[in-house]
Amino acid sequence: LQYGRPKFALEGFAYLAARDKDDTALKALVHELGDSVSARNALVVRARDEDSSITHEEVLEKAFPCAGDLENTVGWANLMNNTGRYLYARAADKRDIAAALGFFSIAKFAYGTEKNWHHRAALQYWVSHTLEQLGLIAAAINAASESQYCWQRQVEVDPGNAEYRTRLQGAQKRVCELLQKRQR
């Protein structure tokens with residue numbers, strides 16, 4: 001990195017390039033930042049969009065954490081989560097959907113069991129959709145119920161956050177939808 005271009009600023013620019021759908025700038029920043037888990041996460045997030053020029057191979061090349069990333073547990077957990085979401089959203093076939101569950105499992109482990117409630121809640125929401133896509137409704141209900149539990153815990157931690165309360169209501173609705181599908 002050049003003097004005057006701090007890593008954290010370039011990582012922020014990577015997320016802005018992803019938001020602005022500027023794949024060329026994003027790829028250049030990811031290349032410049034090398035092993036940055038944040039930059040690679042921005043690339044994977046952008047790749048989920050249908051209009052992205054980022055290839056399946058580029059995503060999988062950037063999906064695996066480097067040794068230095070392991071100190072940034074939430075960062076690489078987010079990368080694993082977003083890689084799973086990418087595979088679910090842009091699946092070429094059922095193998096990609098099944099592989100998404102592997103990435104989700106790694107993320108779940110990395111997020112831990114007594115913190116990161118909002119990350120874990122969102123993760124389990126996507127796990128429920130992935131399992132549903134595979135026809136595993138009972139397992140999808142369990143994942144959606146875990147999402148609901150995690151949102152409840154997050155609301156307990158931050159009761160004044162209206163977005164978290166809205167997400168909790170969405171999680172409750174998701175569980176009900178899946179329960180109805182099971183009864184059909």
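1. A residue is called buried here when its relative accessible area is under 20%, exposed when that area is over 50%, and partly exposed in between. By this rule, buried residues make up 41% of the 184 residues in the protein; please keep in mind that the model is a predicted one.

2. As for secondary structure, the protein has nine helices and zero strands, so that, under the DSSP run definition, the order of elements from the N terminus is α-α-α-α-α-α-α-α-α.

3. On overall dimensions, the C-alpha trace spans about 60 × 40 × 30 Å along its principal axes. The radius of gyration is 17 Å, which agrees with the value near 16 Å that a compact globule of 184 residues would have. Among contacts with a separation of 6 or more, 58% are between residues 24 or more positions apart.

4. The protein carries 24 positive and 23 negative side chains, with the centres of the two sets 6 Å apart.

5. The structure holds four aromatic pairs. In one of them, the rings of Tyr-88 and Trp-126 have centres 5.9 Å apart and planes at 55°, so this pair is tilted. The pair links distant parts of the chain, since Tyr-88 belongs to helix α5 (residues 73–89) and Trp-126 to helix α7 (residues 117–133), 38 residues apart.

6. Tyr-125 and Trp-126 form an edge-to-face pair, because their ring centres lie 5.1 Å apart with the planes at 90°. Ring pairs thus link Tyr-88, Tyr-125 and Trp-126 into a cluster, in which Trp-126 is partly exposed at 23% relative accessibility and Tyr-125 is partly exposed at 30%.

Methods: Residues are numbered from 1 along each chain as its sequence is written. This is a predicted model: local features need pLDDT of at least 70, side-chain atom pairs count only at pLDDT 80 or more; totals for chains, interfaces and linings use all residues. Side-chain values use heavy atoms; hydrogens and water are left out. Helices (H or I, at least four residues) and strands (E, at least two) are DSSP runs, numbered from the N terminus. The radius of gyration is taken over C-alpha atoms; the globule rule is 2.2 Å times the number of residues to the power 0.38. Buried means under 20% relative accessible area, exposed over 50%, partly exposed in between (1.4 Å probe, protein chains only). Contact means heavy atoms within 4.5 Å. Lys and Arg count as positive and Asp and Glu as negative; His and the chain ends are not counted. The place of a charge is taken as NZ of Lys, CZ of Arg, CG of Asp or CD of Glu. Rings of Phe, Tyr and Trp (its six-membered ring) pair if their centres lie within 6.5 Å; planes under 30 degrees apart count as stacked, over 60 as edge-to-face and the rest as tilted.
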